[in-house]
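Q: I have a structure open here and would like to talk it through, starting from the inside. Could you take me through it?
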Amino acid sequence: MTAFGMGAACPSPCTAAALSFPVGQLHRVAATPSSEPGEVDETKRNVLKLLVAAGVVGAAGGGLVAGSLQYAQPPTVGLSSFPRVQLLDLDGTPLTVTKAEKEYNAETGDVLTFNYPLRNEPNFLLNVAPASGSSSGATNVVNGVGSQKSIVAFSAICQHLGCPAPAISYYPAGICPQSPGGKSFYIHCTCHGSTYDVTNGAANLTGPAVLPLPQVILEWDQGDDTLYAVNMVGPPVNGHLDTLTGDYGVGTSSQLTRQQPVRLCNFS
Ligand code: FES
């Protein structure tokens, strides 16, 4: 009897090796020659190299994307609290209450602004006391400082849609025939007509704005007669999530700037 069973013929070519295992036993046959022990399989090594390279490129790409996203976000800058900032006059010297009371009053047409507490937050500085011999003006106003409690400061950014000075401006007594809320001097915005009461914390006299202007709290240092901005009250400055966020602080002092006002007396 042969290995192919009784009567079976050995296939051609028939070799002894082909018949060296029992019939019915499975044998694994390599499709391609395998590496000898100790040899490096170049194909596997190249695949590994590609995977490592792809991982490195992916990690680097991920880092770049994360870095790009970081800078796609606007940086959050601002202050953690309201600073004490000295006010400087137009010429850069410390502003004194004596000078402010002498040079400015409710009838002064000058529109003076200073930035506080951030560089992009302008504010009006006003002395609403009456000129000598005039009855147009007010003393002992809300948060007023100075010998007559008449020096005040308010945000110069309208609380309606954010028109800044000089589109929003101080209207001195007598410049327009209108007297909203019975007031002959006020802050008025030419953009859409909002008017604010400078004797009462910049409360609304006419809309469309429904919020008062934020007020800067001033401090009079009677030792050397100088003026400081120390806080703000009221709603956030328009255009800012909060008054302390959205730009860098002004530093330890802030200088007055004279604005060329835009005044229109065509409101009702
Ligand atoms: S922005 Fe001032 S009234 Fe509209």
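A: Gladly, keeping in mind that this is a predicted model. In the largest nonpolar core, which has 51 residues, the members that touch the most other members are Phe124, Val128, Phe154, Ile187 and Val198.

Q: Stepping back, how many helices and strands does the protein chain have?
A: The protein chain has 2 helices and 12 strands, and read along the sequence these follow the pattern α-β-α-β-β-β-β-β-β-β-β-β-β-β.

Q: What share of the residues counts as buried?
A: Of the 268 residues in the protein chain, 31% count as buried. As for contacts between residues at least 6 apart in sequence, 62% of them join residues at least 24 apart.

Q: Switching to Leu95, where is that found?
A: Leu95 lies in the loop between strand E1 (85-88) and helix H2 (97-103).

Q: Is Leu95 buried or exposed, and why?
A: Leu95 counts as buried because it has 27 C-beta neighbours inside 10 Å, where 20 or more are required.

Q: Which residues does Leu95 touch, again beyond four places in sequence?
A: Leu95 touches Leu87, Leu88, Asp89 and Ala100, along with Thr226, Leu227 and Leu256. Leu256 is 161 residues away from Leu95 in sequence, yet the C-alpha to C-alpha distance between them is 8.8 Å.

Terms used: Residues are numbered from 1 along each chain as its sequence is written. This is a predicted model: local features need pLDDT of at least 70, side-chain atom pairs count only at pLDDT 80 or more; totals for chains, interfaces and linings use all residues. Helices (H or I, at least four residues) and strands (E, at least two) are DSSP runs, numbered from the N terminus. A residue is buried if 20 or more other C-beta atoms lie within 10 Å of its own, exposed if 12 or fewer, and partly exposed in between; C-beta atoms are placed from the backbone. Two residues are in contact if their C-beta atoms, placed from the backbone, lie within 7 Å. A nonpolar core is a set of buried Ala, Val, Leu, Ile, Met, Phe, Trp, Tyr and Cys residues joined through C-beta atoms within 7 Å.
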